[in-house]
Amino acid sequence: MVNRLSAHDAMFYFLDESGSTTHLGALLVIDPDHTEKHGAGADRNRRARTTPDPPPSGGAGTETPSAPVLDYPRLVALVENRLQLVPRYRQIIREVTLGLARPVWVDDRDFDINFHIRRSGLPRPGDTVQLQDLIARVMSRPLDRTRPLWEMYLIEGLPDGKLAILTKTHRCMVDDHEALEISEVICDETSSVEALSEDLWMPGSPPGNTSLALGAIAEALSRPGDLVDSLVHNNSIVSDLRSTAEGTLRRVGSAVQQLTDSAPSSRLNSSTTSTRTFAVASVPRRGCAKIADRYDCTVNDVELAIISGAMRRWMLSYDESVESGDTVRVVVPLSTRDPAVERRVDADGRWITVGKASFVTDLPVGEDNPAVRLAQVAGLANRYAQSSRRLSMGPRPLLPELGVVPFPEFSSRAFRSLNRRNYNVPVGMGTSPVARRFVGGCPVTQVYAIPTLMAQRALAISIVDYRNSLQFAFIADRGVLSDLPAMTDYVTEAYEELEATK
């Protein structure tokens, strides 16, 4: 029985194109020298996870145990032990001949964990700017499609002996159920790590092309209409009509956008290069909670108001003609507004949230008064979260039940065309703090989620509530936002002006 990609995963797999790669990830900053005590009850009801114990360092008898150490060999051992929880990370994607069915997951018989886990270092002084530049370069490169679609980097050379772990995973590997991003798999809620049973993984025999094709035909016989469409659409006579069909689709898409109140025209809906730029910022959660109490709104409203202030500053930096009514349209999780949507912290404590119900709202970047801007943000979000016209379940396949993929690249272009102008910027955020995390016994001091930058998007933003800080991550097309590192200062300034309001 083959393990076929879901229609949703297949859509993201085929969405990759020159100038766009649909991967996401996380940046974990770790302090190996910082010891913390953590309640023993926090690990209750969690799955046992660990890495094999490192070899003894020598010495006799009853020496006091040293602080946990995280280095490249220990990280490799940790990940290798945890991969049994996420089988996809040792599998590659095999496409089916003639597009008779969706691609399948098959074990990588040449799997080499040292290819996926890499070691890197920052030159002195190892500051945040250098770290952001390294991450931008890594996130600019497409993943190797002949191997499992993920990478991890242990980054050394940060100030005060800190380390960073950067993960990069293709969006088709992650869903909103059990398929976790690898950064979530290697983390624990306590500094003590319990052992998993030894992983004796052996790759299965991959199916041949003929076997996949015959299996696809057998599946398609239960849907004869799909099979006929696949065979017909691969015929050269019908393929000559492709340009006509695409032209029609563009015209229909344009009409749909006009009828559905498309987002403001913006350079944020353009992409010129595959080169990324990356920036992070953080503000105190406690201060944001006080602002929320003062104005009778939510912390999520304050987060959006901070983004509004930061985006206003960015727009003014290149165009002084920002008008009072100007807005930027964002898509945000519905759970941040609607109490009917589940709000608890995920059982697995996830900071990579994908596939959730969302809604689009407007950020009043043209408003210069920060208090008025916050009130407008809260009012618009409350209104639009209740509007069925503004609701979105996120990217979805155009034909979710279709088994055949006769023109995957055509389907991807169709999706991009229809999805282009319903919002300017995606914003990922949670509704609850993420519990404290450890990697190999070492505390994680910062967590930044790196969102997917889709085609026709120049900027994506995420916010993680961790250790009493709201940690913002920005990823952008360098050809459009070459000055993205300035967002760090813009976020701080936007927070400080809200804090100063009375």
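In this predicted model, strand S2, which spans residues 23-30, pairs with strand S14, residues 442-450, in the antiparallel sense, and six bridges connect the two.

Strand S2 is mostly covered, with eight of its eight residues buried. His 23, Gly 25, Leu 27 and Val 29 point one way from the strand, whereas Leu 24, Ala 26, Leu 28 and Ile 30 point the other way, and the residues of both sets are buried.

Some features of the backbone occur in loops. Most residues other than glycine have a negative phi, and most peptide bonds are trans. The peptide bond from Arg 124 to Pro 125, however, is cis, with omega near 10°, and Pro 125 lies in the loop between strand S5 (117-121) and helix H4 (128-140).

A positive phi is found at Asp 160, a residue other than glycine, where the value is near 60°. Asp 160 belongs to the loop between strand S6 (150-156) and S7, and its relative accessible area is 68%, so that, with exposure set at over 50%, Asp 160 is exposed. Asp 296 likewise has a positive phi, near 55°, and is located in the loop between helix H10 (285-294) and helix H11 (299-318). Because its relative accessibility is 73%, Asp 296 also counts as exposed.

Key. Residues are numbered from 1 along each chain as its sequence is written. This is a predicted model: local features need pLDDT of at least 70, side-chain atom pairs count only at pLDDT 80 or more; totals for chains, interfaces and linings use all residues. Side-chain values use heavy atoms; hydrogens and water are left out. Buried means under 20% relative accessible area, exposed over 50%, partly exposed in between (1.4 Å probe, protein chains only). Helices (H or I, at least four residues) and strands (E, at least two) are DSSP runs, numbered from the N terminus. Two strands pair if DSSP finds at least two bridges between them.
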